[in-house]
Amino acid sequence: MKNQRRRRQVLLFPFPLQGHINPMLALASMLHSRGSPITIFHTHYNSGAIDRSSKHPSYRFIEIPNQVSNFRSSSQDNVLSLIRLLNDNCTEPFHRHLAQVLSDTDDDTPCLVLDMHWYKMNPVAKVLGVPTLVLRTGSAASLNGFIALPALYRKGILPSRAQVAEWEMEAAVEELPPLKVKDMIAVGNDREELLSFVALDAENARTSAGIIINTSDALESAELEKLRSDLSLPVFAVGPLHKFATRPEATNSSSLWPVQGRQDEDRMCMEWLDSQDPRSVLYVSFGSLASVDRSDFTEMAWGLANSGRPFLWVIRPGSVKGLLLDSALPDGLFGNGTAIRSGIAKIVEWAPQRDVLKHRAVGGFWTHCGWNSTLEALTEGVPVICTPFFSDQMGNTRYMADVWKVGVELRVPLERGRVEGAIRRMLTTGDGEAMRARAQELQRVLANANEEGGSSCQAADDLLSFLSSL
Ligand code: UDX
């Protein structure tokens, strides 16, 4: 640990979605280990995940009350409304609590780090004179995509599947290489709502004192260069943040999904992994928001079983559209427990993902390519099968499959033969071995970036100096 001298207090306000809480808490851990006192604002909505103060005894937590209660039903279909609702509901209480923090503080004015989705909080902080940076939890490429989207729409480049012919979806987006039209950011079906959301998020970034981004110059140097030149703001590429964090953020995520009657993460699956051969298991998880159609789910299940390879599958409540877990499992395959009893499959509602990806038994990861999962796969050198659903996941897939060449692209609609083929390719062929070798090379590159003298470590030092200078 370095730079232990007492530094300026940093206030952090994570957005209450799983893929946003984890990197913000990892950032808090990194800043704290370098001497910054930490205060976390959190919504009631995610208090279970964050305010386990025993995990973070030296942080101060401040709850921002709001009226949003049904967060576990949040999904890819309603996430934009949720973001709008939370911004609307939290503005006034955030103003009140931030003013209170300022009046309680004798030292220098603290700095604030906001998740990019908290676009209504930045003007509040400005009114109160609090210097504010924005944390972008996704990649630099995806932030470039946010910024470019309104102009691309005006040019008629639209990612909506309903309105674009197949050949147009395959066309390159010249402004955002290597993306194709089908890789552009897409959330829900309401184009105006998406445009308004990306404009507010991009404005939040533009009007901040600087951007902290969970990526590395070692991974996205051209994309970061573009961002820096387009925004003319300090951009601190301090990722992968989870590798900077000290325990508990380094291994466990702060789960929003308490599993009934068990620990919040199913640690039993680690014992099951212990009993499997090295690199034999496929780990399957589509993050915290994606939900699959019933037919895709059935094809996944049969493809997994027919591949004959062991697999650990996270089936989260809500991850199959409109179905409860028990009724979702295909009869005769999992419904009577055959695959599970024979030891070939382990199904959990939530897994300790970072530990799973580190395990010697894991040979591949079938992922939705959320940015955290993408970074977690790369930092453990695990090759991937990519099935993106929405938002930045299609763009992340393009990088994994075509730029870093560590993944197989497998888009919905799924079909059991293609699923089986992708799994066999990943786990049993020389092609899969080559992807693993490239993933391991990136693992080394990213580890070096976080070491003393590496670009992300330097960016973290620069960030600390910048925060002191504000
Ligand atoms: C969302 C969007 O889907 C994604 O596109 C965007 O990049 C970030 O916000 P999410 O779906 O939650 O993210 O996926 P991801 O970014 O991969 O984050 C999921 C986190 O939950 C990861 O840190 C992963 O380790 C953790 N996780 C997931 C678990 O710990 N256990 C699980 O069983 C599943």
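1. How many nonpolar, polar and charged residues does the shell around the ligand have? In this predicted model, the shell is made up, by class, of 15 polar residues, 7 nonpolar residues and 3 charged residues.

2. For a reader who wants to find the ligand in the structure, 25 residues surround it, and the closest of them are G19, G287, Q353, G370 and S373. Two or more residues of this shell are contributed by each of helix 1 (18–33), helix 13 (353–358) and helix 14 (371–379). Helix 14 provides the largest share of the shell around the ligand, with 4 residues.

3. Because domain 1 and domain 2 both give residues to the shell around the ligand, the ligand lies between them.

4. The two domains also touch one another, with 34 residues of domain 1 in contact with 30 residues of domain 2. On the side of domain 1 that touches domain 2, the elements that give two or more residues are helix 1 and helix 5 (140–154). Helix 1 gives the most to that side, with 4 residues, and the residues of the side of domain 1 that touches domain 2 divide into 18 polar, 12 nonpolar and 4 charged.

Technical notes
Residues numbered from 1 in each chain as written. Predicted model: local features only at pLDDT ≥ 70, side-chain atom pairs only at ≥ 80, totals over all residues. Near = placed C-beta within 6 Å. Nonpolar A, V, L, I, M, F, W, Y, C, P; charged D, E, K, R; others polar. Domains from an automatic or database assignment. Contact = placed C-beta atoms within 7 Å.
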